[in-house]
Amino acid sequence: MTDFQSVFGAAPDGVWAAPGRVNLIGEHTDYNDGFVLPVALPHTAKATVRRRDDDLLRLYSEQGDGRITELKADLEPAAVTGWASYPAAVVWALRQAGHPVGGLDVHIDSDVPGGAGLSSSAALECAVAAACDGLFGLGLGPAELALLAQRAENEFVGVPCGVMDQMASMCCAEGRALFLDTRDLSGRQVPLDLTGRGLRLLVVDTRVKHDLGDGAYAGLRAGCERAAALLDLPSLREVRPAALDGALVQLPAELRPLVRHVVTENARVEQAVALLDAGDLAGLGPILTAGHASLRDDFRVSCPETDLVVRAAVEAGALGARMTGGGFGGSVLVLVAEPELERIASVVRAAFAAAGHAEPRTFTAVPSAGARRLS
Ligand code: GLA
């Protein structure tokens, strides 16, 4: 492994880390002002940084091509592509918001699997945002940094994502899930003692990434916004479950499944939180599986591989399973009783092999801490 000193020829000023996430429930709700319930992963992006005397931004990634990307102060979105666009975007967004962020050297090292629906980009953005905050004494809070990181991704990288991933990466806490109301960013940390209840969260990364993902995401978001406008509401969050049927009849047929997913998914988050508060963690299982069915049949963002993992795991005795993240591939979350972990993982791998798919990557998600300074 290369280190900061050998890349940039000087000692760093500090190291910040920010995690990837899995979302327990609450998918495609964040850009509808709805509820989400993410958990941070132990996997992080680390930003090792040093202030410069000039305005240059120099970026290097252990996972990159071995070259330093050097950018001038007047950052423009078109000037940078690939992984380097995320740290550049964050510096751009901070400067756009008037924060005094000068030049810096940044060394990135991330073990968050990329393109797996586990928020590797948000981890990268949040590590750099936290590093800039610390290095330049900006005094911004975690939610402000998350919003700036989201703005960076929306306006500089050009992905119209919601705020869940950045909030999860900045604000999650060890042993907790973050119950977040994305309408006003209020929320609370909900205890999630999986081990204490004899449970495990198995993550199955299908390694599938469909190219249509980004354009399709924007299309779904636009569909939700059109439905809210037709209902004369600021967002689909305002449709409560009891009012769902009345709302659906006012909408064209193609928008109804989108609205049904968002409204039922918000209700599933609230049910999940009530179960966690009552200590009934196993009770989450059927909610996860119902959430997957809604994403598959109504929102239509699952794919054959994620459907296969869910089906195989549930048939093998998992308590519940669902795709997590934006969809069109990516990872599946499987809730299992601890003694069943290995057996269910093997059943899923065998089902994948039998269908002729490449072997999925599997690991256990341990609810971990949000962004932090390491040294
Ligand atoms: C992606 C986006 C999030 C969210 C999820 C779906 O991860 O970045 O903002 O919309 O998809 O829940």
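1. A residue is called buried when its relative accessible area is under 20%, exposed when it is over 50%, and partly exposed in between (1.4 Å probe, protein chains only). By that criterion, 57% of the 375 residues of the protein chain count as buried.

2. This is a predicted model, in which local features need pLDDT of at least 70 and side-chain atom pairs count only at pLDDT 80 or more, while totals for chains, interfaces and linings use all residues. Residues are numbered from 1 along each chain as its sequence is written, and side-chain values use heavy atoms, with hydrogens and water left out.

3. The protein chain has 11 helices and 13 strands, these being DSSP runs numbered from the N terminus (helices H or I, at least four residues; strands E, at least two). Its radius of gyration is 21 Å, close to the 21 Å that the globule rule gives for 375 residues, so the chain is as compact as a globular protein of that length; the radius is taken over C-alpha atoms, and the rule is 2.2 Å times the number of residues to the power 0.38. Along the principal axes, the C-alpha atoms fill a box of roughly 60 × 50 × 40 Å.

4. Helix α2 (residues 85-96) packs against helix α4 (residues 142-157) at an angle of about 115°, with their axes 8 Å apart; axes are lines fitted to C-alpha atoms, for helices over the stretch in contact, and angles run from 0 to 180 degrees between N-to-C directions. That makes α2 roughly perpendicular to α4, since angles under 35 degrees count as roughly parallel, over 145 as roughly antiparallel, 65 to 115 as roughly perpendicular and the rest as oblique. Residues of α2 in the contact (heavy atoms within 4.5 Å) include Tyr 86, Trp 92 and Leu 94, and those of α4 include Leu 145, Arg 151 and Phe 156.

5. Helix α3 (residues 120-135) and helix α5 (residues 164-171) pack at an angle of about 55°, with their axes 9 Å apart, and the two are therefore oblique to each other. Ala 122, Ala 123, Glu 125 and Cys 126 of α3 make the contact with Asp 165, Gln 166, Ser 169 and Met 170 of α5.

6. Trp 83 lies in the loop between β5 (69-71) and α2, and at 24% relative accessibility it counts as partly exposed. Not counting residues up to four places away in sequence, Trp 83 touches Leu 59, Tyr 60, Ser 61, Gly 64, Thr 69, Ile 108 and Leu 124. The C-alpha atoms of Trp 83 and Leu 59, 24 residues apart along the chain, are separated by 9.7 Å.
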